[in-house]
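Dear colleague,

Please find below the structure that I am handing over to you. My findings follow directly after it.

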Amino acid sequence: MRVASAGRGFKSRGGLLLLHQLAGCPHQQRRKIRLPRAVFAPKLPATRTTKVIAARAPMAGGGGERPRVPAGAAGLAVWATLLCNAASLAYFLRSYVVDGSRRRRRGCAARSGADDVALQPEDGGELRPEGEDPDHAVALAPDAVLNLELGDPMMYEAFWREVGGRAATVIRGCQAMSYVSDDAALCWFLEPELEREVRRLHRVVGNAVADGYHLVVGTGATQLYQAAMYALSSPAQGDKPVPVVSPAPYYSSYPPQTDLQLSGLYRWAGDANTFAGGECIELVCSPNNPDGAVREAVVAGGKAIHDLVYYWPQYKPITGRAAHDIMLFTVSKITGHAGTRLGWALVKDPEVARKMVYFVDRSTIGVSRESQLRATKILGVVSDAYETPPAGDGSGATGPRLFDFARRRLEERWRTLRAAVAASGAFSLPEETAGHCNFSKRTVTACPAFAWLRCEKEGVEDCAEFLAGHKIVARGGEQFGGDARCVRINMLDRDQVFDMLVQRLSAI
């Protein structure tokens, strides 16, 4: 039996055509294919009656030839081997052609600047890993534990699936290799394209004054919060750390983030409402996490850091442009891209901004440039939809509108949750508030990212523990400096999680 060497088998026109047909390729597209070394092709018998002679090889016990194998059995073996090899080769060819087709569809025309990373498929489709189903959602088991303790914003996933390849970012291997983005800028690790998109977005929404402010980028608002505390407390003015306070209920991560580094410059001091007064750093979160309340500084003479990560039109009516000394924002609360880990601060005082840059430099030597490039594209897609004439379906001319999508979802969720809570009688929620929104040009209700749920059931002193018995994980109120009968529940999870939450609360 002759064995075809790698790369020499099936060179006849008929053989190649057969293999292309097996691989699903039209005759017009056939081309010379280099066979892998693992594929062997036995030579076809000349006729149906050709005798097949076994290969001569030394016997295990000494010299001589192997006995002849009957032609019928040998012929069957040859045909079986041929069919197996042909099937293997067809699978290889199909993978080769399909992968090549995918690569061609994903071809992009690169341009300079930010456009080098704003690449997308020529057909406008969605770039995704092979085999990933964009519409696939894992069904929840009826007895699944609902973890609503964290603020994972997966509600936005449906929006970005609809946007598809327009929001795709492709970064070439030679890009963003240096530590430095702009060595002439105060914040030398800030991508200039990101700065332009951030300032543009604030102008579009009208929620903050960006002109005349220095922009400092950080790994989420968490790093910027620590950088701002460092900037406001250094150099040390005495032998005691500066107290850091916030009105209760305050964001539960403020205390551990403040004391994590055991800094001698600042130290957590608790509820701003009970602070005795004097020099301090006050954290003002508005709209507030966890209860959605609008906040102002309460300590006279304190240095304030305004945490405005939820001051966007899907959560609260935009009533004016904030113009505080230090204002923090983050991508995760705007677009849902929590994994990008990117935030920024608008800082009025250049010396404070310079100290914040120094803190980020010393702690992480800057901020991921890849994250900044992705955020640049994402924020650009958001602004584009509002700066172009609207389409007939209410979307922007360049695609769906993020804030409209998120507000519709949240308004519907809050109506559903309030109805379920009212019907149960076992819980209560803060009163609903409304106001005129300068962005949408209409009166809208506040739709916080979290529900501050209070258990009114007699005998229940710990609401988090009570809900855990119903397989609902929520963060207890005492972690926010509040009442243990309250819990914070994430309102930004996927639809199926929220729907099951309402079902379980209604059944209590």
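**Thr340 and its surroundings**

The side chains of Thr340 and Arg374 form a polar contact at 3.3 Å; a polar contact is a pair of N or O atoms within 3.5 Å, where, within protein, one must be able to donate a hydrogen and the other to accept it, and residues adjacent in sequence count only if both atoms are side-chain atoms. Please note that this is a predicted model, in which local features need pLDDT of at least 70, side-chain atom pairs count only at pLDDT 80 or more, and totals for chains, interfaces and linings use all residues. Residues are numbered from 1 along each chain as its sequence is written, and side-chain values use heavy atoms, with hydrogens and water left out.

Thr340 belongs to the loop between helix 7 (331-335) and strand 10 (343-347); helices (H or I, at least four residues) and strands (E, at least two) are DSSP runs, numbered from the N terminus. Thr340 counts as buried because its relative accessibility is 5%, the term meaning under 20% relative accessible area (1.4 Å probe, protein chains only). Leaving aside residues up to four places away in sequence, Thr340 touches Ser371 and Arg374, contact being heavy atoms within 4.5 Å. Gly220 lies 120 residues from Thr340 in sequence, yet their C-alpha atoms are 8.3 Å apart in space.

**Thr376**

Thr376 is located in helix 9 (residues 369-387). With a relative accessible area of 8%, Thr376 is buried. A polar atom of its side chain lies 3.4 Å from the backbone nitrogen of Leu194.

**Strand 14**

Strand 14 pairs in the antiparallel sense with strand 17 (residues 486-490) over 5 bridges; two strands pair if DSSP finds at least two bridges between them. Within this pairing, Ala451 stands opposite Ile489. Strand 11 (residues 427-428) also pairs with strand 14 in the antiparallel sense, over 2 bridges, and Ser428 has Arg454 as its bridge partner.

**Cavity**

The structure holds 1 cavity of 30 Å³ or more. On a 1 Å grid over the protein atoms alone, a cavity is a set of points where a 1.4 Å probe fits but cannot get out, and lining residues have an atom within 4 Å of a point. The volume of the largest cavity is about 70 Å³, taken as the space filled by probe spheres set on the points. Its lining includes Pro287, Tyr310, Tyr315 and Phe450.

Yours sincerely

Methods
On a 1 Å grid over the protein atoms alone, a cavity is a set of points where a 1.4 Å probe fits but cannot get out, and a pocket is an open set with protein on both sides within 12 Å along at least five of seven lines; lining residues have an atom within 4 Å of a point. Buried means under 20% relative accessible area, exposed over 50%, partly exposed in between (1.4 Å probe, protein chains only).
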